[in-house]
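Visitor: Could you take me through this structure? I would like to begin with the terms.

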Amino acid sequence: MIFSKHRAAIFPALSILVFLTLLAAPQTGWIVRTQAAHVFARGGSLWDLETPPTAKIPDSDYQLQLGALTGNAAQRLAQARALRQRFPTQASLYANILRYDVQSKVHLPHSTASDMLSSRLWSTNDKRPESTKAELDAFDRDAAAGERLDPNNAYFPAMRSIGLFASGRSAEAIAALHRAAQKTTCQDYMLDEGQGELRRREMERGRQNAIAQLSATGSRYSRHYSELHAPAHLAAKFAMQAEIAGRTNEGSQIRRDLMRLGGVMRTQSRNEDGAKIGVEIARAALLRPGGAPLNSNTDGGPPEDDLNAYCRFLTKIGHARDIPAVRSEFANGGEAQSIVYHVQGFDTWALSPEWDGLTEQWIVNWTLLVNAVWLIVLGLAAMAITRVMRSEVSSTPTQRMIKMATISTILLALALTVAPGIKAQARLLLASVQYVSWYENDLDWLRPDSGSNTTRILILTAAPILLFAGCLLASLVRRKSPRTPFYQRLNRYAWPLAGVVIFAYAASVLATIHAEYLRTMDVNAMVQNEGAYYAQWENREWPAATAWPGDWK
């Protein structure tokens with residue numbers, strides 16, 4: 001006999017005690033409650049990232065209101081502008097309005113100046129119609145309001161230059177870029193949207209794990225910084241034209257402003273996208289000084305030839321004192337690019353194994369809990385059948401029919417529970433494993449386009465049940481004349497095996513606590529400065545701001 005009656009009684013009691021302890025402890029209770037709520041959940045993944053929260057939020061809480069915006073960029077733009085009356089002094093609101101606007105209406109074609117400056121054209125699939133005067137005027141008003149509310153933030157005048165160039169107000173655009181270059185911070189406030197949505201999730205669903213927190217640090221509309229490519233190239237074109245006309249101080253000042261703005265974005269932007277675009281803006285300033293011929297290089301960034309040509313030009317026009325700062329910014333930009341691209345390449349992420357490990361840990365926890373539930377369900381059904389069969393047997397046909405009807409009802413209820421339950425769990429597991437990159441690489445048979453996923457995932461969701469069935473069959477084979485009915489064996493083995501699975505679940509949850517702590521620390525560091533966090537991950541120093549000499553006339 002695999003389990004004695006004494007052990008069969010102790011295991012369930014101990015496992016229940018362990019489970020209740022996990023549920024009551026603050027450090028583990030939120031994990032258990034989240035996973036228990038998804039045992040029979042329909043649709044979505046373990047983290048419900050696909051389902052937006054619906055809890056009612058107070059009208060006076062700006063961050064929650066921003067996190068409640070829905071729809072595409074144009075729809076969010078309209079909703080955000082409607083919030084201005086309630087939150088007129090929130091610089092964050094105007095920053096996000098500009099972000100939505102350049103993703104939906106206001107834009108400056110990237111090819112406007114790039115063909116005059118370099119053979120490396122900025123490719124774009126932007127098919128949006130030309131911005132209207134009303135759209136450009138509204139954009140300028142919002143940018144001006146943000147600059148008044150946050151006067152030391154380079155983000156507002158830099159973004160404002162997009163609309164000014166698009167409106168044909170080139171001198172004002174150059175002046176806006178000059179103001180941006182004098183600032184010491186660059187904050188796009190994009191994080192407020194994600195944090196607002198995260199807080200709404202916590203209000204409705206309780207504490208959120210590190211995976212949901214990581215999701216809140218980004219946005220589907222986070223490519224706003226790339227819109228600064230066009231004004232940077234257009235400003236460099238004006239600088240080149242001024243230099244050709246003999247106004248070398250004017251042209252070199254524009255280039256210097258672009259490099260200083262790029263440096264501020266590189267050091268102060270919280271997300272790595274802003275840092276990368278800052279490097280590219282600074283390097284756009286090096287193109288064709290004094291109307292030099294087009295550079296034929298076609299690699300991913302300005303080569304050393306551009307740097308050397310510009311330094312020679314500075315020496316020629318009497319501004320050699322800027323050369324150390326120019327070379328320093330070029331080197332710092334290269335170091336920043338090296339760090340970012342090493343950690344977050346085009347199709348890889350160096351941090352992926354750690355986050356995949358946490359995701360896998362949650363899936364393992366949930367799978368163990370699901371199987372413990374199914375073992376308990378089977379045990380309850382077997383217990384009910386055992387009690388019915390042990391009741392006094394009556395010789396009357398009516399009582400025998402009642403007994404058979406009772407057993408049939410139990411079996412029917414079991415079938416109606418298992419079939420839809422396993423199907424729902426298979427769907428949830430399939431949605432959850434999509435968050436794990438190694439599943440896509442190593443378990444191709446789980447892909448949505450690879451056939452019947454319900455059948456395949458059944459192997460994962462019911463592994464302990466299959467093991468349990470194997471134990472039953474093995475016990476039957478070992479006995480020469482098995483007299484114990486199958487339902488009694490099921491009743492005997494289900495509870496101890498459920499206890500074993502619960503103990504395994506408890507150990508897995510304890511391991512998850514540590515992983516959650518580490519990844520939460522990662523998120524906290526990432527939202528402060530993603531580039532600096534990447535440098536720390538690489539055991540390197542994020543390049544500091546470049547020291548520039550005073551302006552010259």
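Guide: Buried means under 20% relative accessible area, exposed over 50%, and partly exposed in between, with a 1.4 Å probe and protein chains only. This is a predicted model, in which local features need pLDDT of at least 70 and side-chain atom pairs count only at pLDDT 80 or more, while totals for chains, interfaces and linings use all residues. Residues are numbered from 1 along each chain as its sequence is written, and side-chain values use heavy atoms, leaving out hydrogens and water.

Visitor: Is serine 104 buried or exposed, then?

Guide: Serine 104 counts as buried because its relative accessibility is 18%.

Visitor: Where does serine 104 lie, and what does it touch?

Guide: Serine 104 lies in helix α5, residues 91–104; helices are DSSP runs of H or I with at least four residues, numbered from the N terminus. Leaving aside residues up to four places away in sequence, serine 104 touches Ala73, Ala74, Leu77 and Arg128, where contact means heavy atoms within 4.5 Å. A polar atom of the serine 104 side chain lies 2.9 Å from the backbone oxygen of tyrosine 100.

Visitor: Now the whole chain: how many helices and strands are there?

Guide: The protein chain has 23 helices and zero strands, a strand being a DSSP run of E with at least two residues.

Visitor: And how much of the chain is buried?

Guide: Of its 553 residues, 51% count as buried.

Visitor: What share of the contacts with a separation of 6 or more joins residues 24 or more positions apart?

Guide: Such residues account for 76% of those contacts in the protein chain.

Technical notes
A polar contact is a pair of N or O atoms within 3.5 Å; within protein, one must be able to donate a hydrogen and the other to accept it, and residues adjacent in sequence count only if both atoms are side-chain atoms.
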